[in-house]
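This briefing is for a reader new to the structure shown below. It covers the nonpolar core, a helix pair and the salt bridges.

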Amino acid sequence: MSRLSPTDEQAQAIGTDLGSFTVRASAGSGKTTVLVQRYLRLVVDQRLQPDEVLTITFTRKAAAEMKSRIVRELRERRLY
């Protein structure tokens, strides 16, 4: 994750207990960071199985970037 603190809106999206929601924002606003941190919170903190979390992006490039960030974070935490 970017080592910057999330904005209030980003923190709300990361921490929400909603089962389903959409993150919409302009390019470069931190959408991927929010989705990665939410995924990690659900899988690491709430112990959901990875196949219980669906995260969708609009392009294969964005999906690859998100996967790369998730794997990097899990490795840094020594969980993968």
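In this predicted model, the largest nonpolar core has 10 residues: Leu35, Val36, Tyr39, Leu40, Leu42, Val43, Val53, Met66, Ile70 and Leu74. Two elements give two or more residues to this core, helix H2 (31–45) and helix H3 (60–76). H2 supplies the largest share, with 6 residues.

**Core**
- Leaving aside residues up to four places away in sequence, Ile70 touches Val36, Tyr39 and Leu40.
- In soluble globular proteins, nonpolar side chains tend to be buried together.

**Crossing of H1 and H2**
- Helix H1 spans residues 8–15, and its axis comes within 8 Å of the axis of H2, crossing at roughly 35°.
- The crossing of H1 and H2 is right-handed.
- H1 makes the contact through Gln10, Ala13, Ile14 and Gly15, while H2 contributes Val34, Gln37, Arg38 and Arg41.
- Sorted by class, the contact of H1 with H2 has 3 nonpolar, 3 polar and 2 charged residues.

**Salt bridges**
- The whole structure contains 2 salt bridges.
- Arg69 and Glu65 are 4 residues apart in helix H3, so about one helical turn separates them.
- Arg69 is partly exposed at 24% relative accessible area, and Glu65 is also partly exposed, at 33%.
- Arg77 forms a salt bridge with Glu73, where the closest N and O atoms are 3.7 Å apart.
- Arg77 counts as partly exposed at 35% relative accessibility, whereas Glu73 is buried at 5%.

How values were computed: Residues numbered from 1 in each chain as written. Predicted model: local features only at pLDDT ≥ 70, side-chain atom pairs only at ≥ 80, totals over all residues. Heavy atoms only, no water. Core = buried A, V, L, I, M, F, W, Y, C linked by side-chain atoms within 4.5 Å. Buried < 20%, exposed > 50% of the residue type's maximum accessible area, 1.4 Å probe, protein only. Contact = heavy atoms within 4.5 Å. Axes fitted to C-alpha atoms, helices over the stretch in contact; angles between N-to-C directions. Left-handed = near helix turned anticlockwise from the far one by under 90°. Nonpolar A, V, L, I, M, F, W, Y, C, P; charged D, E, K, R; others polar. Salt bridge = Lys/Arg side-chain N within 4 Å of Asp/Glu carboxyl O.
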